Amino acid sequence: MATCPPYPTRPPAPQHRHPHWWQRAWVRYGALVTLLALSGLVILALVREQTGTQGFLVGLGLAVLPVPLLIAAFRWLDRVDPGPWRNLLFSFAWGACAAALIAIVANSFATRWIATATADPTGADTLGATLIAPVVEESAKAAAVLLVFLFRRRNFTGIVDGVVIAGVTATGFAFTENILYLGTAFGTDQLTGDRGIASVTAATFFVRVVLSPFAHPLFTVLTGIGFGVAALSADRRRLRRVLLPLAGLLLAMGMHALWNGSASLGEYGFFAVYGAFMVPVFGLLTWLAVWTRQRELGVIRAELPVYAVAGWLAPAEPFALGSMRARRVARQHARRHAGKRAARTVAEYEAYATSLAFLRQRGRRGRAGADYVVRERELLTELWRRRETARPALDHAARVTAPPVPVAAPHWPAYGTHAAPAPVPYAAQAPHVTAYAAPAHAPHSAYAAYPPYNPYRS
């Protein structure tokens, strides 16, 4: 374990030459934004050319409907240790622009080549949808997960992060693909004169938006799980960190191929695959994601008490920080008594405490990086700066959400004796919020009662 001074500072940076212009952060961000913007313009032009202006607008209006629900679901899953919004924006933009452009160009080229080589356009379409499209599309979507894994490693710490990044990327991809399919279906209805529930647009909307809006996220989440498990592995296990994402990607391709190929399995092949395979896998992955979320809350409750003993946290904070309900109550309490800024401070305190718990868990398991001590000091400092606003709110939340202590059945004393006092619930035993007095300075020798801690042990 590390002994933290009151306000730790970063070690002096090593002296290096000035980075080249292409190594500067603003250059990289600018190049990435330019790439995504150009991809978006090209994909917009391609889809509009294929569907027409009216078809594009209809497809856009219908395709956007499931997007807020899917984003909200992934954001809810990420509430324990929420990642920055810029990662989600990048993932969605990559899926909707770059990955979609790669898929349209590569799939069209491969299908035309197969049709020319075999002189069988119908067979080429089936082969392209079953074998080519899954490989191209899942690889293009996996590129976003890989980029976040490599360049935003601090925000990519486990399975939930992999699921969220992969799911948001696939949501963006499905959004663009749905615009194309729905716009094309609307154009077909314009030519045939079909209207209402019997139209191709209605059938396409039902299959892609109502029946299976989770299809693309479900495929790519398998890749995200592979990266998430790799993030939990020690750095020295390089083979495992490479094979696990590849295994997830192969599973995603296989599941995608089965889904695309279900249309060629007969009249009821689609519904058979949907009911016997897609729905059970969706339920299993949903359970895994929720279970992982609850496990993260357990990590917070297990890792933070040592900081409470050392004086960095109040005694009730590990319980409050390990409960999503208590967190919400704390933010509401701060907003009600001190305004939006205080609620935002409490949310930041909760986020830093969560990162501290996960950092300590990685250190205990020998998976911490070389900056473990510096990162721990940074997080403790950020918590200490927000303690005056966050601690009263969290203490209030701990009282409100504390489980009641069961009271035994009343015992009637014999004549002439005094009854024993009734047990006092935990919430009533806790000290009052205003009674808590923060020390004037951060605690010294925070871990003096514990043996030296080596974060790099195996």
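**Helices and burial in a predicted model**

User: Why does E348 count as partly exposed?

Analyst: E348 has a relative accessibility of 32%, so it counts as partly exposed. Buried means under 20% relative accessible area, exposed means over 50%, and partly exposed lies in between (1.4 Å probe, protein chains only). E348 is found in helix α13. Its C-alpha is 9.0 Å from that of A390, a residue 42 places away in sequence.

User: What kind of model is this, and how are its residues numbered?

Analyst: This is a predicted model, in which local features need pLDDT of at least 70 and side-chain atom pairs count only at pLDDT 80 or more, while totals for chains, interfaces and linings use all residues. Residues are numbered from 1 along each chain as its sequence is written, and side-chain values use heavy atoms, with hydrogens and water left out.

User: How many helices and strands does the protein have, and what makes a run count as one?

Analyst: The protein has 16 helices and zero strands. Both are DSSP runs numbered from the N terminus: a helix is H or I over at least four residues, a strand is E over at least two. Of the 458 residues, 46% count as buried.

User: What makes α7 "largely enclosed"?

Analyst: Of its 17 residues, 16 are buried, so the rest of the structure largely encloses α7. The helix covers residues 215–231 and reaches 25 Å from its first C-alpha to its last, close to the 24 Å expected. The expected span is 1.5 Å times one less than the number of residues.

User: Where is the kink in α7 centred, and where does α3 bend?

Analyst: The kink in α7 is about 25° and is centred on V221. In α3 the bend is about 40°, at W94. A bend is the angle between axes fitted to the seven residues ending at a residue and the seven starting there. Helix α3 (residues 85–118) reaches 47 Å, close to the expected 50 Å. A119, which follows α3, has a positive phi, near 55°.

User: At what angle do α4 and α8 pack, and which residues meet?

Analyst: Helix α4 (residues 121–151) and helix α8 (residues 238–261) pack at about 145°, with axes 8 Å apart. Axes are lines fitted to C-alpha atoms, for helices over the stretch in contact, and angles run from 0 to 180 degrees between N-to-C directions. Contact means heavy atoms within 4.5 Å. The residues that meet include A129, T130 and F149 in α4 and R241, L249 and G261 in α8. By class, this contact has ten nonpolar, five polar and three charged residues. Ala, Val, Leu, Ile, Met, Phe, Trp, Tyr, Cys and Pro count as nonpolar, Asp, Glu, Lys and Arg as charged, and the others, Gly among them, as polar.

User: In which hand does α4 pass α7?

Analyst: The crossing is right-handed. That term applies if the near helix is turned clockwise from the far one by less than a right angle; anticlockwise is left-handed. The axes of α4 and α7 come within 10 Å and cross at roughly 35°.
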